[in-house]
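The sequence and the model are shown first.

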Amino acid sequence: MAKDKNLFAIALITSLFFIWGFALNLNPILIPHLKKACQLSDLQSSLVDSASYIAYFLLPIPAAQFMKRYGYKGGILLGLVLVSAGAFLFYPASIVRNYAFFLGALFIIFSGAAFLETAANPYITVLGDPKGATQRINFAQMFNGFSAVSAAYIGGNVILSGKTLTSTQESAMSADQLNTYLLKEASSVQMPFIVIGIVVLIVAILLYRTHLPQIVEEGEGMELHESLPLLQRIGNLFKEKNLRFGAIAQFFYVGAQACVSSFFIRFSERVAGMDEKLAAIYLSAALFAFFAGRMVGTFLMTFINPVRLLAIYGITNVALIVLSVFLHGKFPVFALIAVEFFMSIMFPTIFSLSIRGLGSKTKEGSSLVIMAIVGGAVFPPIMGRVSDLTNIQIAYLVPAACFLFVFYFAIRNLKVKEVKLSVSH
């Protein structure tokens, strides 16, 4: 009976990996959808990513403080409630067709996701036999990858209508006809997000009724540096050159990841002449390539130095994006799918290199690198602005520049022989 309860608890915690992965990977669907429904520029539509990733920057420290007081289970429950509430807010946002309302709902969803991501990794390791901790977290992260593919496929079929008006068609409509069309477009998010809200709420209820063990932090409160004021501890961390440089590399990488995925549908429409539904299917293939790339990359690391692999993958992505910028037809789309494959190992490799050798400062150093996820809030608007000024194809030079910095980071760390990957996003 105890074993069955433990398996049920593992299943519930594993579902958290699916939940935040599904939410985050709906962004590439929401960006073209809200651009159309709310009549936005590329810069404005990119704020979908900004509203999402800024939550990851602002919430880690409050989440950690909350969980210190109320436990990891309390943090998970609050996270689920926030995700559910944000999902339900999509309904009134679609009725009034207000973009700021949508962005507020997204911020609430990803504030909850920040709580879930903070708690899920340590929880999955303590549930069950300690010897199986690595297998459990790898299994859970597989669901994170599966959720990405599912989000693109389901979102593309349920949210996207496949109908995009040209400026000529819009101008030929009366004000009432155009408003009816736009309201119908906006309403397509209602049912999917209500379902998401209900499912997440059910998971919260099940978790509330499930016993979860307390996580005891090793050496908690025992380290000398923890007695120092927070600002002084952060200042000391910035003195760690490798950590500082690694956080910057992570900032650029997550920015590139967000840019490549978020504008994929718009790129496919403009460059390859696809309709948005077909482009969403290709996006599913791209996110599957990311998922497959992580498994292949992990296997290759048993034969190739991870840092060398990071350098090879980084410069390969620069080359692929340059080709996608200057060529036409479907090849550029396939090149971006390959980019997803090659960027799959970057987050955990950069993370592990950044915190190497920190000793007692590892926990806080890790938080600093995680906060670098804010790159996903910064670079998509830059890319959107470049697209508005030129075109979406030229705008892909923005993530190319980001991958160039990742390559530079890898080159600087080529002397490192052993890297233990411990996290993914």
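## Helix packing and cores

The crossing of helices α13 and α22 is left-handed. In this predicted model, the contact draws on K241, F245, G246, I248, A249, F252, Y253, A256, C259 and V260 of α13, and on P399, C402, F403, F405, V406, Y408, F409 and R412 of α22. Sorted by class, the α13 contact with α22 holds 15 nonpolar, 1 polar and 2 charged residues. Helix α13 spans residues 241-262 and helix α22 spans residues 397-412; their axes come within 8 Å and cross at roughly 150°. Because angles over 145 degrees count as roughly antiparallel, α13 and α22 are described as roughly antiparallel to each other.

Helix α13 also packs against helix α20 (residues 375-389), at an angle of about 55° and with the axes 7 Å apart. The pair is therefore oblique. Here α13 passes α20 in a right-handed crossing. On the α13 side the contact involves F251, F252, V254, G255, A258 and C259, which meet G375, G376, V378, F379, P380 and M383 of α20. This contact of α13 with α20 comprises 9 nonpolar, 3 polar and no charged residues.

The geometry of the two pairs is set out below.

| Helix pair | Axis distance | Crossing angle |
|---|---|---|
| α13 and α22 | within 8 Å | roughly 150° |
| α13 and α20 | 7 Å | about 55° |

Attention now turns to the nonpolar cores. The largest nonpolar core has 124 residues, and L16, L80, L207, Y253, Y396 and F403 are those with the most contacts inside it. Helix α7 (residues 99-126) gives the most to this core, contributing 15 residues. Leaving aside residues up to four places away in sequence, L207 touches L12, I13, L16, K73, I76, L77, L80 and L212. A second, separate core of 5 residues includes L243, I355, L368 and V369.

At the level of the whole chain, there are 22 helices and 0 strands. Of the 425 residues in the chain, 54% are buried. Among contacts with a separation of 6 or more, 83% join residues 24 or more positions apart.

Terms used. Residues numbered from 1 in each chain as written. Predicted model: local features only at pLDDT ≥ 70, side-chain atom pairs only at ≥ 80, totals over all residues. Heavy atoms only, no water. Axes fitted to C-alpha atoms, helices over the stretch in contact; angles between N-to-C directions. Helix = DSSP H or I, 4+ residues; strand = E, 2+ residues; numbered from the N terminus. Parallel < 35°, antiparallel > 145°, perpendicular 65-115°, else oblique. Left-handed = near helix turned anticlockwise from the far one by under 90°. Contact = heavy atoms within 4.5 Å. Nonpolar A, V, L, I, M, F, W, Y, C, P; charged D, E, K, R; others polar. Core = buried A, V, L, I, M, F, W, Y, C linked by side-chain atoms within 4.5 Å. Buried < 20%, exposed > 50% of the residue type's maximum accessible area, 1.4 Å probe, protein only.
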